[in-house]
Structures are given as C-alpha cells and as structure tokens.
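Please keep the structure in view while reading.

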There are 2 protein chains.
Amino acid sequence: MSRPSKSRYHHGDLRAALIEIAVELIDERGVRHFSLAEASRRLGVTVSAPYSHFAGREALLAAVTVRAYELFYADVVREVDRFRKPADRLAAVARSYVRFAGTHRALFEALFDPGVDKSRYPEIDAAKRPLDDAFTSCVDALGGSEAASKNLAVAVEAAAHGHAILLVDGDFGDGAEAVEVAAERAARATLALIEGRDLLTRGRGRTRST
Amino acid sequence: MSRPSKSRYHHGDLRAALIEIAVELIDERGVRHFSLAEASRRLGVTVSAPYSHFAGREALLAAVTVRAYELFYADVVREVDRFRKPADRLAAVARSYVRFAGTHRALFEALFDPGVDKSRYPEIDAAKRPLDDAFTSCVDALGGSEAASKNLAVAVEAAAHGHAILLVDGDFGDGAEAVEVAAERAARATLALIEGRDLLTRGRGRTRST
DNA sequence: GTCTATATCCCGATAGAC
DNA sequence: GTCTATCGGGATATAGAC
C-alpha cells in the first residue's frame with residue numbers, strides 16, 4: 001500500500017505534517033516555545049526543509065491559524081444546528097466558542113497569538129469570516145434594527161471571547177468540568193445580553209463618560 | 001567618586017530601568033519580539049547584567065506584569081470613584097478596563113502573554129487581586145445572593161475582557177476614537193448584563209459556583 | 001553586590017549542492 | 001524537495017573585576 005512512513009516524512013506531504021506537528025507542539029509547550037527546529041527534528045527532516053513549504057515560522061503559524069478557524073467553524077455549526085429558536089442558537093454559538101477554547105487550547109491560543117501579524121496573512125481573515133457570519137446570522141434572526149443587531153453581535157462575541165480567555169487562564173479551574181462551567185456561563189451571559197439588549201443601543205452618548 | 005553616570009545605568013537602579021525599557025520595547029515591537037539582549041544594549045550594559053536582578057527573560061516579564069496590574073488598578077479606581085450608583089460604578093470598571101487596554105497596549109498585552117507561566121510567579125496573582133476585588137465589591141453593592149453576585153461578576157469581567165481583546169485586535173478600528181467606542185460598548189454591555197442578570201443564575205444545571 | 005567578558009547552545013534564515 | 005553548511009542573534013551560565 002501507499003501507507004507513508006510515519007517516522008520520516010520524506011514522502012512529499014511535509015507541509016501537512018508540519019501543520020499537524022505544530023499543533024501538537026503548541027499543545028505541549030505553547031506558541032511561544034514552538035520552534036521550527038524542533039518540529040523539523042520530530043519529523044526527521046533538517047531545519048531548512050520547512051522553508052520549501054513555508055516562508056518561515058510565522059507563515060507556518062498562519063497556516064495553523066487558518067486550520068484552527070476551520071475546525072472552530074465546524075464545531076460551531078454542529079452545535080448551533082441542534083437548536084431552532086434564534087436566542088438558543090446564539091447562545092449555542094457562545095457555548096461552542098468557549099468549548100472550542102477549552103478543548104483545543106493550542107489552536108485557540110494560536111488564533112490570538114500576538115506573534116503573528118494577521119494583516120500580512122489575509123487568508124486568516126478569510127478563514128475567520130464564516131465564523132463571523134454565523135454570529136451575524138443568528139443575531140439577525142432575532143430581529144431589530146441593523147444597528148441594534150450589530151451592537152448585540154459585538155457584545156455576544158466579546159462575552160464569548162471573554163469567557164474563553166478566563167477559562168484558558170484557569171479562572172474556572174481545570175479539566176473538562178471547568179470547560180462546561182465556562183461554556184454554560186457564556187451561554188447564559190448571551191441570554192442575559194439578549195434580555196437587556198435595549199441598553200446596548202441607547203443614548204448614543206449619554207451613558208456617562210468624560 | 002560616588003556620582004553615578006546617568007547615561008549608563010551603572011548606578012544601582014538597573015532593575016527599575018530594565019522594567020521601564022521593557023515596557024517601551026514591548027510597545028514598539030510586541031512582547032514576542034522583546035529580548036533581554038536589546039534591552040541591555042539600549043541601557044548600555046552587557047547582556048549578562050540583567051541576570052543580577054532577574055532570573056531571566058521570563059522573570060523580567062513577570063515584573064512588568066506586576067507593574068502593569070498596579071497601573072491598571074490605579075486607572076480603575078480613579079474612574080470608579082467618579083460614580084456613586086452601584087450600576088454606574090460597575091459600568092465604570094468595565095469602561096476603564098477597556099480604556100487601559102487601548103491606551104497601554106503593551107502592558108495589556110503583557111498581562112496575558114502566553115509566554116509567562118503565571119503559576120510560577122505568585123506575585124502576579126497577588127497584584128491582580130486588588131483588581132478582582134474592585135470588581136467584586138461593585139457587584140456586591142448591587143445586592144442579591146452570593147451566588148448571583150458571583151455570576152454577575154464573572155459575566156462582567158468576561159465582557160470587559162472580551163471588548164478589550166476585540167479592541168486590541170483592531171475590530172473597532174484604530175486610534176483614540178476606537179478606544180472610546182470599545183469602552184462605551186463594554187459599559188453598556190455591563191448595564192445590559194445587570195438588566196438581564198436573572199438569566200445568569202437559572203436552571204441549576206451545571207453552574208456550580210464557589 | 002553589580003557589572004564585564006566570555007562561551008555554549010538553540011533558533012531563524014539563506015545559499016548552494018544533490 | 002531536501003540536505004549541508006553557515007551566518008547572525010538571542011538566552012543563559014560562569015568567572016572574575018570593582
């Protein structure tokens with residue numbers, strides 16, 4: 001058979017193998033400690049081999065980010081489609097958002113790694129778009145003006161993201177239980193935001209400030 | 001002579017100078033590109049000099065983080081004390097949280113740098129505590145059960161953090177205006193969460209708070 | 001106790017041979 | 001496409017000057 005040798009990726013799929021091993025390594029030591037050199041070592045190739053497939057370390061991380069968004073989106077879709085009511089669907093987005101952060105920490109970390117200049121990798125933005133659209137379409141289904149929808153979408157996204165960060169930061173403890181606690185909190189925060197959403201769009205300048 | 005040379009930091013305050021220059025460098029190139037070597041070069045000392053004051057790069061970054069929390073807390077307190085009503089005070093915490101992220105990006109970035117293992121630097125947690133307490137005391141002033149307060153505190157913190165990340169990520173645009181937009185959104189989201197807070201504490205499904 | 005000088009090792013990146 | 005060789009830079013440890 002054409003089963004490739006797992007120990008030595010000298011068979012032409014180094015690119016995919018690099019992305020795969022990068023995810024593993026990031027899981028083990030975090031993005032910051034990820035190095036092309038170690039990835040190469042694990043794959044049994046020399047340190048310069050990756051440069052045939054990626055411009056450099058950052059480009060590989062960008063590819064990892066794109067992959068992460070794809071997996072992220074798949075998770076969100078799977079979860080959202082279990083519900084029909086718009087509010088529940090939106091809460092499901094928030095829930096799966098946090099779950100993804102908890103169950104794929106390396107990938108989630110890679111998504112927001114300050115070390116990758118996203119503006120130089122437009123494919124990252126393209127990979128993110130379906131996710132944003134999922135948010136938006138759920139929010140739109142709730143009705144209300146365009147401005148109100150936008151405000152709610154931003155608030156929910158921020159809430160989901162915030163819970164995800166708190167989770168990854170350990171504020172909810174460790175393990176699978178912590179993930180569910182955080183995910184459930186995010187879902188409920190979403191429902192609370194929907195409930196109080198009129199307050200998101202009021203005043204236009206009159207909520208106090210400088 | 002006991003007169004220290006100001007230009008070379010050979011005067012015994014290298015520790016403070018390192019923290020200061022670290023903040024500058026992180027502002028210029030981001031945490032990832034910060035190096036002890038360059039900090040040393042800028043201060044006119046050799047690369048090994050910092051090791052008299054810090055165990056290594058990570059320890060210096062930890063010190064920067066502590067400093068960041070101190071400044072962060074000072075900002076929050078200043079802003080919160082301009083209000084009296086509990087809801088407004090809580091919204092002010094969220095607002096100043098986001099403002100800090102926008103106006104001190106380097107420090108904010110350092111606060112959540114995945115490269116520093118916070119569990120190995122307990123002083124970071126200690127520096128963070130006053131900030132958490134500020135959140136908590138504002139929430140408690142709103143009344144409600146202990147569990148409900150906890151739930152609201154977490155939700156507001158997550159919302160504030162989420163808006164801050166979206167801001168730093170450029171989702172609100174650039175410049176001072178973007179900062180205010182994000183800060184105001186966070187404040188309003190806080191008010192919306194207060195409004196819908198009953199939904200945060202329902203079902204008893206998996207929400208275990210401590 | 002603080003800093004210099006030095007040396008080792010790892011990593012990112014490039015050029016050229018196979 | 002991959003390897004060899006190599007350069008430059010950064011992290012870190014140690015020995016010694018003041």
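A polar contact is a pair of N or O atoms within 3.5 Å; within protein, one must be able to donate a hydrogen and the other to accept it, and residues adjacent in sequence count only if both atoms are side-chain atoms. The model is predicted, so that local features need pLDDT of at least 70 and side-chain atom pairs count only at pLDDT 80 or more, while totals for chains, interfaces and linings use all residues. Residues are numbered from 1 along each chain as its sequence is written, chains are lettered from A and ligands numbered from 1 in the order in which they are written, and side-chain values use heavy atoms, with hydrogens and water left out.

| Residue | Protein atom | Distance |
|---|---|---|
| H53(B) | polar side-chain atom | 2.6 Å |
| T46(B) | polar backbone atom | 2.7 Å |
| A37(A) | backbone N or O atom | 3.0 Å |

Between the protein chains, 47 residues of chain A are in contact with 47 of chain B, contact meaning heavy atoms within 4.5 Å. The rule finds four salt bridges across this interface, each a side-chain nitrogen of Lys or Arg within 4 Å of a carboxyl oxygen of Asp or Glu. K128(B) and D171(A) meet in a salt bridge at 3.6 Å, N to O.
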